[in-house]
Amino acid sequence: MEIIKAADVRQFLEDQKSVIVDARGGPDAFERFRSAHIENALFVNLETDLSVKSDNAADGGRHPLPAPVTFGELLGNLGITPESTVIAYDDKKGANAAARFWWMLKAAGHKKVYVVSGGIEALQKAGFRITKGAAPQPAAAPPYNFVDYQLRYVDADEVADATENPDFLVIDVRENYRFVGESEPIDLVAGHIPGAVNIPFAGNLDKDGNFLSSSELAEKYKSALGTRDPKHVIVHCGSGVTACHTLLALADAGLEGAALYVGSWSEWSRNDRPVATGN
């Protein structure tokens, strides 16, 4: 179980070792947090905590991973230790920074980390108190010690090789209009990686914006993978963030081992690599 319902969060928070984290992205992430968040939630910023921006997205994409030692220091500052139970939510139905935070914590070797289905809206509907202002100051812990990210992540050359191998599957989770190249609102070039298939991350959610059940996600992705081993799956998006939403869905469905292409379309499209359009 990687995804939990808002109604089940309270039982996790009864444990004094539990930490609830509000993870958000975008230039106004902190302002949105200050205006409304769950009481006692700590704040994590996708732009400054969960990525290290470079001057050129051609080198690692728009949201490159921070060094393990840097992320370990952040976790320590949040009071997160290997014994902590971490509950993460965001204001994008779990599709944005919460899923990225989940992936990074799992990749750091952390065992107990969960994403709230439906995000802050679901928590509010479940009766959690919404508050304003800055986050509380947690009791700092030592830096979280891990040497490298332990979940699989790949570079552009590995993605290119995978698209040539029928035993592998490259999944692009962006909206279909971006995949087919109708328009591109963020990156410089419209289209997709040749050989990739489009399974938009929004399809992981029901009409109310909650994650499909584990069994529904399993049925959906077993159909997509066919006979392929989940370890032969690579997932990407625009910049390695919403791809984590699908990696979360795969893990919750029991299909462990898929890799993240962190640089994603933001890196691929800036490096004179082949581009396809249409379906």
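# A parallel sheet, a covered helix and an aromatic cluster

Good morning. Strand E9, made of residues 169-172, pairs with E10 in the parallel sense over two bridges. Strands (E, at least two residues) and helices (H or I, at least four) are DSSP runs, numbered from the N terminus. Two strands are said to pair if DSSP finds at least two bridges between them.

Before I continue, please note that this is a predicted model: local features need pLDDT of at least 70, side-chain atom pairs count only at pLDDT 80 or more, and totals for chains, interfaces and linings use all residues. Residues are numbered from 1 along each chain as its sequence is written, and side-chain values use heavy atoms, with hydrogens and water left out.

Which residue of E10 stands opposite Ile171? The residue is Val197. Asp172 has Asn198 as its bridge partner in E10, and in E11 the bridge partner of Asp172 is His236. The pairing of E9 with E11 is parallel as well and runs over four bridges.

Where do the side chains of this strand go? In a regular strand they alternate between the two faces of the sheet. In E9, Leu169 and Ile171 point one way, Val170 and Asp172 point the other way, and all are buried. Buried here means under 20% relative accessible area, whereas exposed means over 50% and partly exposed lies in between, with a 1.4 Å probe and protein chains only.

Now the sheet as a whole. Its five strands are arranged in the order E8-E12-E11-E9-E10, with parallel pairing, and the sheet is open. At its edges are strand E8 (153-154) and strand E10 (197-198), each of which pairs on one side only.

Helix H9 lies across two strands of this sheet, E11 and E12, and runs at about 140 degrees to E11. For such angles, axes are lines fitted to C-alpha atoms, for helices over the stretch in contact, and the angle between N-to-C directions runs from 0 to 180 degrees. Is H9, which spans residues 243-252, mostly covered or mostly uncovered? It is mostly covered, with ten of its ten residues buried; among them are Cys244, His245 and Asp252. The elements covering these residues include helix H4 (97-107), helix H8 (214-225) and strand E12 (259-261). After H9 comes Gly254, whose phi is positive, near 85 degrees.

A second pairing also deserves attention. Strand E2 (residues 18-24) and E4 pair in the parallel sense over four bridges, and Arg24 has Asn45 in E4 as its bridge partner. Strand E4 (residues 42-45) is covered on both faces: Leu42 and Val44 are buried on one side, as are Phe43 and Asn45 on the other.

In the loop between strand E5 (85-89) and H4 we find Asn96. Asn96 is buried, with a relative accessible area of 19%. Leaving out residues up to four places away in sequence, Asn96 touches Gly25, Leu46, Asp90 and Val241, where contact means heavy atoms within 4.5 Å.

I turn next to the aromatic rings. How many aromatic pairs does a search of the whole structure find? The search finds eleven. Rings of Phe, Tyr and Trp (its six-membered ring) pair if their centres lie within 6.5 Å; planes under 30 degrees apart count as stacked, over 60 as edge-to-face and the rest as tilted. The rings of Phe12 and Tyr114 have centres 5.0 Å apart and planes at 50 degrees, so this pair is tilted. This pair links distant parts of the chain, with Phe12 in helix H1 (residues 9-13) and Tyr114 in strand E6, 102 residues apart. Phe12 and Tyr114 are both buried. For Phe146 and Tyr149, the centres are 5.4 Å apart and the planes are at 65 degrees, so the pair is edge-to-face. Ring pairs also join Phe71, Phe101, Trp103, Phe146, Tyr149 and Tyr153 into a cluster.

Finally, the chain as a whole. It has ten helices and twelve strands, and 54% of its 279 residues are buried. Thank you for your attention.
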